[in-house]
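Keep the structure open while reading.

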Amino acid sequence: MKNFQYYNPVRIVFGEGQIRQLADLVPANARVLITYGGGSAKRTGTLDEVKTALNSNGNREIFEFGGIEPNPEFTTLLKAADMANVQNIDFILAVGGGSVIDGSKFVALVSHLKEEDGTVSRDKAWDALTSSCKDIDSAVDLGTVLTIPATGSEMNAGGVINYSERHAKLSFGNPLAYPKFSILDPIKTLTLPERQVMNGIADAFVHVMEQYLTYPVNAKVQDAFAESLLRILITEGKAVKQNPEDLEVRKNIMWTATMALNGLIGTGVPQDWTTHMIGHELTSLHGIDHARTLTIVLPSLMRELKDSKKEKLLQYARNVWDINNDNNQFTDDDVIETAIAYTEDFFKALELPINFADADLDESAIEPIIKQLEAHGMTELGEHKANDLQVSRRILQRAAKA
Ligand code: NZQ
Ligand code: ZN
């Protein structure tokens, strides 16, 4: 295991009816900006529930900014940041999924980057994003009410922002973006369309895989924890498809997705975020949902990098899929191929795409993706920094032929 520091200051408030805790979690005299997405928070009554809790005590001034898109748009977020400045906001409350939470983190980080006229500077915000927001040293406080289990954004300090005009979907991370708290009420997930439920399971699954499927460093806690999260996502993913109203299943999915990307299983181990980095280009060029880009790329990546990931692939086959090869009756290659096929079957059972054809793409999509990876400096990906553009091209060619 490598050396590490682990720090995660996010207070998790989990369970049915816990939105009422906002009355104590948000400072009593705060000027609060509630941020939300395209309308689900309004439609489902969550927004009203949030406002009722905030108004139940204290002396808060409440403002709203709706319309943050899935794959949150840079230009929309600058409008929210301007509003935060005009209204002197000192607490942002994000109500939604990864897009609203990521977008709100970005607003919290860039709202002080102003022009002389007091508006938020597009250039300074863009410069901040292209350097991952790592140099920003002040931010507005933020809390979240999570409505879709998927990204882990509710318990991490990162985010991903889309700037369509520039065909760029870029990640950032800054400890100031850790939410002060996140409320996880599993009831809120019952209104999700099935597609979003399945997307969430796939995203969490691939988050675990990208922190696990590298090479062994004898990190027993991280490995066992990762394998458990994968197994839970497989069983609960199938269970929620069969029985979407089962709240116990929803609870386990919600907590698993949070644990998948709150830093814990990634401590002290090598990581490989190649699937995500290629996936972001697929979203920015073709508008494919984040999670669905991942299920398109991952199986081909596993096949392409079979040799360098051999030991972990065999461990994955044994500990996640119970593929028993104790008597060496199969070749290593057969075991690995079976584990990859099981992974694909799992994605298919959740009606997720596993190749280009499933997403109506063909080989002509490959070169534009490679160009964008190059433009965004994604030329040394993976745990060995060995995934250059040739490797990414071969992964995409496999996905196109599969
Ligand atoms: O916009 P509204 O109307 O709210 O509808 C949303 C949206 O259309 C809907 N929805 C959310 N909660 C609902 C609901 N509909 C009914 N009932 C509810 N309770 O679901 C749709 C998708 O929402 P979105 O927030 O986009 O989904 P998700 O949580 O999957 O977030 C995806 C974004 O997070 C980024 C992705 O790149 C993508 O931009 N990621 C963030 C990460 C992080 N911060 O650590 C890591 C991830 O790898 C990921 O990249
Ligand atoms: Zn993801």
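A polar contact is a pair of N or O atoms within 3.5 Å; within protein, one must be able to donate a hydrogen and the other to accept it, and residues adjacent in sequence count only if both atoms are side-chain atoms. The model is predicted: local features need pLDDT of at least 70, side-chain atom pairs count only at pLDDT 80 or more, and totals for chains, interfaces and linings use all residues. Residues are numbered from 1 along each chain as written, chains are lettered from A and ligands numbered from 1 in written order, and side-chain values use heavy atoms, without hydrogens and water.

**Ligand 1**

| Residue | Protein atom | Ligand 1 atom | Distance |
|---|---|---|---|
| Gly98 | backbone N or O | oxygen | 2.7 Å |
| Ser99 | side-chain N or O | oxygen | 2.5 Å |
| Asp102 | side-chain N or O | nitrogen | 2.8 Å |

On its own, ligand 1 has 960 Å² of accessible area, and the protein covers 88% of that. Such areas come from the Shrake-Rupley method with a 1.4 Å probe.

The shell around ligand 1 holds 32 residues, each with a heavy atom within 4 Å of it. The closest are Gly38, Ser40, Ser99, Lys169 and His207. By class, the shell has 8 nonpolar, 20 polar (Gly counts here) and 4 charged residues. α5 (98-110), β6 (158-163), α7 (194-212) and α10 (274-286) each supply at least two of the shell residues. Helices (H or I, at least four residues) and strands (E, at least two) are DSSP runs, numbered from the N terminus.

Residues 202-370 are 64% helix and 0% strand, and their end C-alpha atoms lie 24 Å apart.
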